[in-house]
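Hi,

Have a look at it first, then read on.

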Amino acid sequence: MENKPSITQRIENVLNDVKFKKHCVMLRSLNPHFNQDFEMCEKIANININNIQIDGSKININAFSPEQVKQNIVEFYAYLDQLCPEQPLLNKVEENFKYLKLEHDKQRFCRSYCSTRIDDEGKEIREIFCNVEGRVGDNSTAVHEVCHSLSKSFEILKRPKDQRMTEVCPVIMDAISSYYFSKKYPQLNENFNEDALNAQVVNVIKARESLLDAVVIDVMTGHLTQSKAVMRYGEMFSRNTNILNRCLNNIEQYKFSAMFEKKYLVPQAIALEMLDRFKQNPSLTISQFKTVLSHDHEWTLEETLNYLGLEQQQTLIDSYVNKFEARTNELKSKQNRQSKQ
């Protein structure tokens, strides 16, 4: 049996890969916000989540069938239109159901997505796929993907002016719909709470994955020496070898797309601020959300933050990091209270 190369050998192979180096040069040049993204990922990646224990059995409860998920999508968007009748969404949601596919297939893992393209024959292709995984968050995942289809970008098959806007509205819907469904299904409140806590842990992991991608790019393009990279980030990724392995696998299989998960980080920070607003003033918050949704194909991230009255990215992320412990402690305390009931 042939011995598998060690992590050290695999890293050495990457460092000597001229073709991959050129690929990294291209990736860095295509992202005008690379340095800002690097800094953001590092700040979130450094959040300590060691004291947060997630109970997966409370999340993977197979609570909703695909039919129930579809009905919950309708009820949620109808609720938003009740809160804010202007710029109604429900008719468009139901119209876009012709593109929607809901599946429950434990044998095949496929990440949920919403996509548009023009095929080789010039035919317009629109797809909304929701993998109903048997998780308490399946409803919010479906609401998220359907929200993508409400953007003008989905209708005109054109990327938004600012790619950083792609996940802003859908992730806001993640947060608000999760809160909504926890109220609709009070018997599952503890499950939704665990899922909300898990979402914050996952966000830190996404930041760590993106940070490692950024480190790889900077080493390969000569912006960071290997020795400095090891000194600064070696301990983090020696404790997260699964992230390192995934990164190396992606490179070796020519699937390295660079900082893929980064696109969810700023939207998550926005979403939590919007959820706080929603709890105080639901109608105003949904009005603001609908306005952003109607412009997300043409507004920049900076314009959106200005409209919402939020700080710009660096300060917003600083606030997210500073509030992280208090927010997760509140969720943990809530869990402790519910478990004693």
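Predicted model: local features only at pLDDT ≥ 70, side-chain atom pairs only at ≥ 80, totals over all residues.

Another pair to find is I118, which faces E124 of strand 3. Strand 2 and strand 3 (residues 124-131) are antiparallel partners, joined over six bridges. The two make a hairpin with five residues between them. If you look in the turn, you'll find G122 with a positive phi of about 85°.

Zooming out, the sheet is an open one of three strands, ordered 1-3-2, and its pairing is mixed. Strand 1 (100-103) and strand 2 (113-118) are the edge strands, each with a single partner, so one side of each has no neighbour in the sheet. From one strand to the next the twist averages 20°. As a reminder, strands of a sheet pair through backbone hydrogen bonds, in either a parallel or an antiparallel way. There is a helix on this sheet too: helix 7 (residues 138-149) lies across strand 2 and strand 3, and runs at about 165° to strand 3.

Now for the helix pairs. Helix 5 (residues 66-83) packs with helix 9 (residues 168-184) at an angle of about 105°, and their axes are 11 Å apart. Since angles of 65 to 115 degrees count as roughly perpendicular, helix 5 and helix 9 are therefore roughly perpendicular to each other. On the helix 5 side, the residues that meet helix 9 are N72, E75, F76, Y77, Y79 and L80. Helix 9 brings M173, I176, S177, Y180, F181 and K184. By class, the residues of this contact between helix 5 and helix 9 are eight nonpolar, two polar and two charged.

Further along, helix 13 (residues 265-280) and helix 14 (residues 282-295) pack at about 140°, with their axes 6 Å apart. That angle makes helix 13 oblique to helix 14. M274, R277, F278 and Q280 of helix 13 make the contact with P282, T285, I286, Q288 and F289 of helix 14. The contact of helix 13 with helix 14 has five nonpolar, three polar and one charged residues.

One more thing to look at is the second largest pocket, which holds about 430 Å³ of space. It is lined by 20 residues, and I11, L212, V215, V230 and L244 are the closest to its centre. Which helices each supply at least two residues of that lining? They are helix 1 (7-15), helix 10 (189-220), helix 11 (226-238) and helix 12 (241-252). Helix 11 has the largest share of the lining, with seven residues.

Cheers

Notes:
Residues numbered from 1 in each chain as written. Heavy atoms only, no water. Axes fitted to C-alpha atoms, helices over the stretch in contact; angles between N-to-C directions. Helix = DSSP H or I, 4+ residues; strand = E, 2+ residues; numbered from the N terminus. Parallel < 35°, antiparallel > 145°, perpendicular 65-115°, else oblique. Contact = heavy atoms within 4.5 Å. Nonpolar A, V, L, I, M, F, W, Y, C, P; charged D, E, K, R; others polar. Pairing = 2+ DSSP bridges. 1 Å grid on protein atoms, 1.4 Å probe; cavity = no way out; pocket = protein on both sides within 12 Å on 5 of 7 lines; lining within 4 Å. Points joined across faces, edges and corners; volume = space filled by probe spheres on them.
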